[in-house]
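I opened the model to look up a few points and kept notes as I went. The entries follow in the order in which I made them.

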Amino acid sequence: MDAALRLGAADEAIAVLRETTPFGDASEALLARIAGIARRARYAAGARLYDADGAADDIFVVVSGRAEHVFKPEVGAREALRRVTRGGVFGWAGLLLGQTQRLATVTAIEPTEVLRIDTEALVGLLESEPLEGGHVMERFATMIQREFTLPALLAQVRRLSGPLTEEMSSLSLTLYRLSLWLRSPRPYLMLVGFALFLGFWYLAVEVWKLPRFREMPGLTTVVREWLSPSPTYGLSLYIAEYYQHIAMSVWRVAQAFFLATVLGVPVGLLLGWSRTFKEYVFPVFETLRPIPILAWVPLAIVMFIATESAVVYLAFLASFFATALNTMLGVESIDESYVRAANCLGADRWQVFRHVITPGALPFIFTGLQISIGVSWFSLVAAEMVSGQYGLGYVIWTSYVMVRYPTIVIGMVTLGIVGYVTSALVRIAGDYLMEWRVRELALAER
Amino acid sequence: MKKMLSNPALWRGVVSIAVFLILWEIGARSRQWMAPEFFAPFRELLGAIGLKKDYLPWIGAVPAPSVVLASWIAVLVDRSYWQSWYMSLFRVMAGFLAAMLIGIPFGLMLAVSRVTHGIGFPVFEVLRPIPPLAWVPASIIFWPTQETAIAFITFLGAFYTIVINVLGGARSIDVRYFQAARSMGSSRWDIFRRVILPGTLPSIVVGSAVGMGITWEVVVAAEMISGGGSQIGGTRGGGLGFFIWNSYVGGSYEQIVIGMISIGIAGFASSELLRWGGRYATPWLKAR
Amino acid sequence: MTRGHIVIDDVVKVYDPQGAAVMAVDHCSLEIEPGEICMIVGPSGCGKTTLLNAIAGFHEITSGRIVMDGEVLCSPEKPRSTPGPDRIVVFQNGALFPWKTNLDNVIFGPVMQGKLARKEALDKGRAMLADAGLSGVEHNYPGEVSSGMRRRVEIVRALMNDPKALLLDEPYRALDSLTKSVMHEALLEIYYKNKVTIFFITHDLEEAIFLGHRVAIMTTRPCKPKKILNVDIPHPRDYSALTSKRFRELIEETNDAVHEEAWKAFQAGEKEGR
């Protein structure tokens, strides 16, 4: 009943593979290779394709007809019975970690035609395609968990090994992910969104001249101003002063963030780790925290003679509270089993702190740092607007006062960009330090 | 009650706050605390590291707690003080409510439909890093009255947080709830009403509590900026932020501290109110 | 060999004595022979984990004594034993440090105690992982491998310290039955190579009889041994023992006792023990 694929039938096979979940967005080249190792088979209605506990050798892809796929009860699937039709993929038990036997019994309900793909051959093929191979395995994993309702503990697919997979450069990986992204509808929807937004801005202000929008600076005015070598209102990409303001703001945030981290993380760690410390310090902490940072502005000006330090102080304060609080929460959320395990293994208190508490709290600490830098910018801008010289907040406010409206928008946009970049830097630092978490999240398929 | 009194944690907290107040009192009275002249060598050290020399706060310049308390008792009978409370609270509530009314549906829309998400989310994410206060001038130009301008800013402040939390909440609803609902024959609307909405409620509550804090920040700042900037006519703006700024300008530093503490209390109270309301709306979380 | 001889002597554990006074362990006495696999079976929330925690040093006892190899672990004078590498716990939901690779996890004990230099620890760790059939995953993080593998790595981590006893707190509870049966055989294999005392808590009677030399069936809370069974199926065992006649007989002997306690616990509305 098995017949090797003839040349013409290969196109049919590729078409069916395209309709499957695991191979749905694979490249033509890969699909051709898979079609090359696939064999066709036909089953009459009522025929048994395979039994549970048999050897898990082939993966099946349904070309036409219908089959019934029944998991054996020990497997613990939420729905044991599943009907598969064209595009359905089953028989993948061999792809799971530690599985060599069939998990289900499959019977054809109608006359059914399938493609059979040898599991080991497929794995070998995927291993030789480092970028696509991993992606196909991910899709298998998703399908197995989502469509076949297997418990997650059982549904772990094998890792593709091989030198190519290990040494994939991050550049090629990024490029590959980029190519996948471009093939999805997302970038085009994004363009639609921006077009709508910018279009509305342009039309409302400059074309239709809607009542309240009239006085706003228009899109073209702003863009022209921003890109002009000799701007009417004094600031554009070509003016050195523009970069001075950016540098000033960034430098202030950097100082505030640095101080807040250096002070906030240890305080947070202690607050979480030592109950006595928390009992002494937390009440004062929580009394001061609800006071909005900007309510401190006058007091800060009084305390710090120079407004420069007052501004940095305000940004620091906001950051500090966020960092310390999140660090504390991070320590408190560490599962006590880890600490107990470390104790069993003979670690003393300081070793537990260094090897368990600190790395364990790191994810929370970095969330806190990302919040902290956002809050830092928030406070800095406000402080600069109220009492600063130089800086983007100052630019925005004085542009308003001096009736240089387009510059307001330039300032806002610059703020947005710079704020985003600094936030991303923190996130990247976090990803770098917590490689284990990145990998864990990647596998958990969020 | 007895149990509470014998709790060592409570006493430690009281002790630390007492110590804090005492240090503050001493520092303020002595006027020497970290005064510029007093700490000269330390400041040189800071300068050497590269940080600005005046980074040490002159705590001596801050009014002492005893003075603040006395002034506060005097202010309690002043009508304009309570008016400031009312104005700030009103702005916060208005802005916050608006943020919820618009933010929650917007967030749900993004969460439910992949197309809307693809269109709306990138624009949202690009606008988010711009601090709400940076919108103040644009807001003043655009909106007819100062009040609406401030309201818009407070709205923005809370809006971002609420949307992010709704999105996060919707995404974390266990997919099994959907499957269970579907297998029992629910329509799409049913699923929305009975699975998605309640499922996102906890995140909405958390988002609201954080959003409330941000709203206060923004209100205070907006009040200070628009009240403090003499370019805007009409100082009847009021509000606690304005109260603080005015006190600074007027030179009564005790009132600055009064204003700060008042806002702290108001902010804390409103967050607690929200959290209480949240617990009422999500009784199933209590069981944990 | 008198290594890993644990004597639990009339131990009582009462939670919150001035308040709710919940008795978790009620005058429990049990003697565990060195090198024995002793299985503790009981319904959820009955207090068996409390017993394990007392031996390990995570909880205090109210009265009684626990002695291991002649050394008093805890007593009324010293109600809480000090956790140490002579009795290592393998936790229910696993406690491999997610931020360290499997290999780094495994060498944690000896390196922290200063018993081995890092290089020697790495060599020994690699060897023991290879022994347990886990060579391929040394440089992976625990989050990247299956839970069955994680359990095995955790056991290797414990064995690296040459402990006298392993305390296992329902380690396979969260695994599905396919993985579980594989884990049982893996555990026995490890046991045959390193004869440690194993103190194993479970609610699964079949698992208990399959693995253990002796099975202690505990009453529902407060817990004390209700019935102690000698499992005379000879070691080394493999999964064929599950269908042997003697296995079925042993289950018949003890099923009633277990079921009775389970029913009592159900009626008392026990929640999952923490």
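**Entry 1: a helix pair in chain B**

Are α4(B) and α12(B) roughly parallel or roughly perpendicular to each other? I looked up the pair and found helix α4 (residues 65-75) of chain B packed on helix α12 (residues 253-281) of chain B at an angle of about 75°, with the axes 9 Å apart. α4(B) and α12(B) are therefore roughly perpendicular to each other. The label follows from the cut-offs: angles under 35 degrees count as roughly parallel, over 145 as roughly antiparallel, 65 to 115 as roughly perpendicular and the rest as oblique. Axes here are lines fitted to C-alpha atoms, for helices over the stretch in contact, and angles run from 0 to 180 degrees between N-to-C directions.

I then listed the contact residues. α4(B) contributes V67(B), V68(B), S71(B), W72(B) and V75(B), and α12(B) contributes E254(B), Q255(B), V257(B) and I258(B). Two residues are in contact if their C-beta atoms, placed from the backbone, lie within 7 Å. By class, I noted 6 nonpolar, 2 polar and 1 charged residues in the contact of α4(B) with α12(B). Ala, Val, Leu, Ile, Met, Phe, Trp, Tyr, Cys and Pro count as nonpolar, Asp, Glu, Lys and Arg as charged, and the others, Gly among them, as polar.

**Entry 2: conventions**

This is a predicted model, in which local features need pLDDT of at least 70 and side-chain atom pairs count only at pLDDT 80 or more, while totals for chains, interfaces and linings use all residues. Residues are numbered from 1 along each chain as its sequence is written, and chains are lettered from A and ligands numbered from 1 in the order in which they are written.

**Entry 3: chain B overall**

I find 12 helices and 0 strands in chain B. Helices (H or I, at least four residues) and strands (E, at least two) are DSSP runs, numbered from the N terminus. Of the 288 residues in chain B, 39% are buried. A residue is buried if 20 or more other C-beta atoms lie within 10 Å of its own, exposed if 12 or fewer, and partly exposed in between, with C-beta atoms placed from the backbone. Among contacts in chain B between residues at least 6 apart in sequence, 70% join residues at least 24 apart.

**Entry 4: a sheet in chain C**

I traced an open sheet of 4 strands in chain C, with antiparallel pairing and the order β2-β1-β4-β5. Two strands pair if DSSP finds at least two bridges between them. β2 (22-32) and β5 (71-74) of chain C are the edge strands, each pairing on one side only. Strand β1 (residues 6-15) of chain C pairs with β2(C) over 7 bridges, and I6(C) has I32(C) in β2(C) as its bridge partner.

**Entry 5: a proline in chain A**

I checked P363(A), which lies in helix α14 of chain A. P363(A) is buried, with 21 other C-beta atoms within 10 Å. Not counting residues up to four places away in sequence, P363(A) touches G330(A), M434(A) and R437(A). The C-alpha atoms of P363(A) and M434(A) are separated by 7.5 Å, and the two residues are 71 residues apart along the chain.
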